[in-house]
Amino acid sequence: MAQVYNWQLQREMAFPYAEQRPQRQIAYIFDTNKCIACQTCTVACKTTWTSGKGQEQVFWNNVETKPYGGYPQAWDIKLMGLLEQRWKQQVYAGKTIFEDPPAGDNVTGHRPTEEDYAYPNMCEDEVAGMVDKGAFFQGIHNVWMFYMARICNHCTYPGCAAACPRQAIYKRPEDGIVLVDQLRCRGYQECVKACPYKKVFFNAITRVSEKCIGCYPLIEQGIQPRCVVTCIGKIRLQGWLSKPGEAQPNNPIDQLVHVKKMALPLYPQYGTEPNVYYIPPLNVLREFLLQMFGPGVDHAVQAYRQAARDREALAAMLLFGNTPQIISTYSYTDTHTVGYNDKGVEIIRVPLTEPFVVRQPYDQQHQAYRLNTA
Ligand code: SF4
Ligand code: SF4
Ligand code: SF4
């Protein structure tokens, strides 16, 4: 195994291949506080890419309710259990999936059962905690849940690629998108077992594996992916992420990930350096967030709470969901935030505060009362 540097873990780690970063890395930020679990993203992806035979159980994008929901079922709990067992045998805690895998494997992982894939909505809208004293509004603060939208993380060190005996999975040098070469794939499903996020799916009809393609035909035209553009809650932004030492403060993704440290990777301890970053939910049990997003979670929650007074952060956050085009850089004035494409051309201008309009109930121009005075 080679030694590569994982900046999320701030240390070197074992990986089957030498470090080779793409010219630019696709990245996404999802604000969990704004997701309403409408599943528009899920349907947009499914109707665009995975509506064929053998793809009935395939959800390149899914939205699950944490802490109990998950698709496939218990995908994360099972892996944590495996790693914990391995950690117990080691004095040294904190191994990634690439360090100390079972004999004969490159990666520690598990293959979900058919039953795990059978119930995509299981535990949806179920809360954790107890409602005390039997009355709905008493003890309401003891319960919590949140919606977690998930796609392939286009990892810097993909577990799926590390495990493939055919080298059929590759990371594109031009944008870091991870793809399965379906002509090379022989359906061994080692990638399904190895992906810690369970974002490779086996197609029982074609007998090969499939995964999110990052909507690369759109990316090549400077357009953000379907699941991003269609998001009703405007929780998503797709762009480009630099390495920490090369972060550009005028890149909205770099600003929120590297400068404000408000958006965090999902289960960074797995070691794949995932490139979907989450703004953690407020009002969720801190221990749960620590486990899911790592030690930066307190700072991230604090930064989010202050965002309304932090013009630099607010200007980046208001770009979410407001243009289909990929925003490479941004700037802001006293009144607006402005997004630019990679040629420096302005593509979106959003007010920093919504105008406050008071409309009179009687419309002088039409000499009529307004039905809706909002
Ligand atoms: S479309 Fe957006 S708001 Fe709706 S479920 Fe998907 S991520 Fe959440
Ligand atoms: S999330 Fe899974 S499928 Fe996607 S690149 Fe990472 S390891 Fe591969
Ligand atoms: S990036 Fe494209 S292919 Fe991937 S989950 Fe989103 S819509 Fe589906």
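**Burial, strands and ligand shells in a predicted model**

User: In this predicted model, why does Trp7 count as partly exposed?

Analyst: A residue is buried if 20 or more other C-beta atoms lie within 10 Å of its own, and exposed if 12 or fewer. Trp7 falls in between and so counts as partly exposed, because its number of C-beta neighbours inside 10 Å is 13.

User: Where does Trp7 lie, and which residues does Trp7 touch, not counting residues up to four places away in sequence?

Analyst: Trp7 is in the loop between β1 (2–6) and β2 (11–15). The C-alpha atoms of Trp7 and Lys243 are 8.0 Å apart, although 236 residues separate the two along the chain. Leaving out residues up to four places away in sequence, Trp7 touches Lys243 and Pro244.

User: Which residues of β5 point one way, and which the other way?

Analyst: In a regular strand the side chains alternate between the two faces of the sheet. Strand β5 (residues 146–150) is mostly covered, with 5 of its 5 residues buried. Tyr147 and Ala149 point one way from β5, and the other way point Phe146, Met148 and Arg150.

User: In what sense do β4 and β5 pair, and which residue stands opposite Arg150?

Analyst: Strand β4 (residues 62–66) is joined to β5 over 5 bridges, and the pairing is antiparallel. Opposite Arg150 in β5 stands Asn62.

User: Which elements give two or more residues to the shell around ligand 3?

Analyst: The residues surrounding ligand 3 include Cys45, Trp49, Arg226 and Cys227. Two or more residues of this shell come from each of α1 (40–49) and α7 (226–229).

User: How many residues of the shell around ligand 3 are charged?

Analyst: Among the residues surrounding ligand 3 are Trp60, Asn61, Ile151, Gly214 and Pro225. The shell divides into 9 nonpolar and 2 polar residues, and the number charged is 1.

User: Which residues come nearest to ligand 1?

Analyst: The shell around ligand 1 divides into 10 nonpolar and 3 polar residues, with no charged ones. Of the 13 residues around ligand 1, those that come nearest are Cys35, Cys38, Cys41, Cys231 and Gly233.

Definitions and conventions. Residues numbered from 1 in each chain as written. Chains lettered and ligands numbered in written order. Predicted model: local features only at pLDDT ≥ 70, side-chain atom pairs only at ≥ 80, totals over all residues. Near = placed C-beta within 6 Å. Helix = DSSP H or I, 4+ residues; strand = E, 2+ residues; numbered from the N terminus. Nonpolar A, V, L, I, M, F, W, Y, C, P; charged D, E, K, R; others polar. Contact = placed C-beta atoms within 7 Å. Pairing = 2+ DSSP bridges.
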